[in-house]
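Please keep the sequence and the coordinates at hand while reading.

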Amino acid sequence: MNERAADGASTKTAAGANAEAAAAQLKERLYATITMISVVIGLAGTGHVDAVGAAATVATASAGLWLAALVADQQAHRVVHGALARGRDLRAMLFVSSPLLLSAVGPLVLIGVSALGGMGLDTALLTAAGVNVATLFAWGCYGGIRMGGGTAFALLAGAIDAAIGTAVALVKAAAGH
């Protein structure tokens, strides 16, 4: 293989690895979004939480999910490779799992607005859930567009994703916790 062909092959390999990491990160982002819907709806349904408690619960849930993902990724890496992930592998794990932490930002901002008197806590929590459902819709639409199915397909994909997020919220609300 000549030098130019080898460079092209390594570029394609790097692009494939980057695409796989981006797909894995988006998967975690969607998972975290759905999980955060459940957390904020659960908090809104209790009626016995204040802004500090809500913020602590959201932050703890987010950090707990992130740590669980890192532990699972490290365990899988140790089993497959016989060593702890370090360097590039560890950075990839941190990149992929970062949305699990970022999922708390929106709800924490809205809880902060509530603590400053800008809105009631239940309103802040329900708004956070609504924003997360809208985020699922947007990602679904974007995925539909990327698949080349046209506007109707993109809207359908977005509606299905939003319906999943709404179903999570409804089940959580119906369960009363």
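This is a predicted model: local features need pLDDT of at least 70, side-chain atom pairs count only at pLDDT 80 or more; totals for chains, interfaces and linings use all residues.

What percentage of the 177 residues of the protein count as buried? The share is 28%. The protein averages a pLDDT of 88, and 91% of the residues score at least 70. Confidence is lowest in helix α1 (residues 3-46), with a mean of 78, and highest in helix α4 (residues 105-115), with a mean of 96.

The protein has six helices and zero strands, and from the N terminus on its elements follow the order α-α-α-α-α-α. Along its principal axes, the C-alpha trace spans about 65 × 45 × 30 Å. When contacts between residues at least 6 apart in sequence are considered, 65% of them join residues at least 24 apart.

The helix pairs may now be taken in turn. Two packed helices are described by the angle between their axes and the distance between the axes. For helices α2 and α3, the axes come within 9 Å and cross at roughly 155°. Angles over 145 degrees count as roughly antiparallel, and α2 is therefore roughly antiparallel to α3. The crossing of α2 and α3 is right-handed. On the α2 side, the contact is made by S62, A63, L65, W66, A69, L70, D73, Q74 and H77, and on the α3 side by D89, L90, M93, L94, S97, S98, L100 and L101. Sorted by class, the contact of α2 with α3 comprises ten nonpolar, five polar and two charged residues.

Helix α2 covers residues 51-81, and Q74 lies in it. Q74 has a relative accessible area of 16% and is therefore buried, the cut-off for that class being under 20%. Apart from neighbours within four places in sequence, Q74 is in contact with L84, A85, L90 and M93. A92, by comparison, has its place in helix α3 (residues 87-102) and, at 35% relative accessibility, counts as partly exposed. The C-alpha atoms of A92 and L67 are 15 Å apart in space, while the two residues are 25 residues apart in sequence.

Helix α2 also packs with α4, at an angle of about 175° and with the axes 10 Å apart. The two helices are therefore roughly antiparallel to each other. A51, A54, A55 and V58 of α2 make this contact with P107, L108, I111 and A115 of α4. The contact of α2 with α4 holds eight nonpolar residues, with no polar and no charged ones.

Which residues does P107 touch, not counting residues up to four places away in sequence? They are M36, V40, V58, A128 and N132. P107 is found in helix α4 and is buried, with a relative accessible area of 3%. P107 and A154 are 47 residues apart in sequence, and their C-alpha atoms lie 27 Å apart in space.

M36, one of the residues touched by P107, lies in helix α1. Is M36 buried or exposed? At 1% relative accessibility, M36 counts as buried. Leaving aside neighbours within four places in sequence, the contacts of M36 are V58, S62, S103, A104, P107 and N132. M36 and G165 are 129 residues apart in sequence, yet 9.9 Å separates them in space, C-alpha to C-alpha.

The last pair to consider is formed by helix α5 (residues 121-146) and helix α6 (residues 150-175), which pack at an angle of about 150° with their axes 7 Å apart. That angle makes α5 roughly antiparallel to α6. The crossing of α5 and α6 is right-handed. From α5, the residues V133, L136, F137, W139, G140, C141, G144 and I145 take part, and they meet F153, A154, L155, A157, G158, A159, D161, A162, G165 and T166 in α6. The residues of the contact of α5 with α6 divide into twelve nonpolar, five polar and one charged.

Technical notes: Residues are numbered from 1 along each chain as its sequence is written. Side-chain values use heavy atoms; hydrogens and water are left out. Axes are lines fitted to C-alpha atoms, for helices over the stretch in contact, and angles run from 0 to 180 degrees between N-to-C directions. Helices (H or I, at least four residues) and strands (E, at least two) are DSSP runs, numbered from the N terminus. Angles under 35 degrees count as roughly parallel, over 145 as roughly antiparallel, 65 to 115 as roughly perpendicular and the rest as oblique. A crossing is left-handed if the near helix is turned anticlockwise from the far one by less than a right angle, and right-handed if clockwise. Contact means heavy atoms within 4.5 Å. Ala, Val, Leu, Ile, Met, Phe, Trp, Tyr, Cys and Pro count as nonpolar, Asp, Glu, Lys and Arg as charged, and the others, Gly among them, as polar. Buried means under 20% relative accessible area, exposed over 50%, partly exposed in between (1.4 Å probe, protein chains only). pLDDT is the predictor's confidence in each residue, from 0 to 100.
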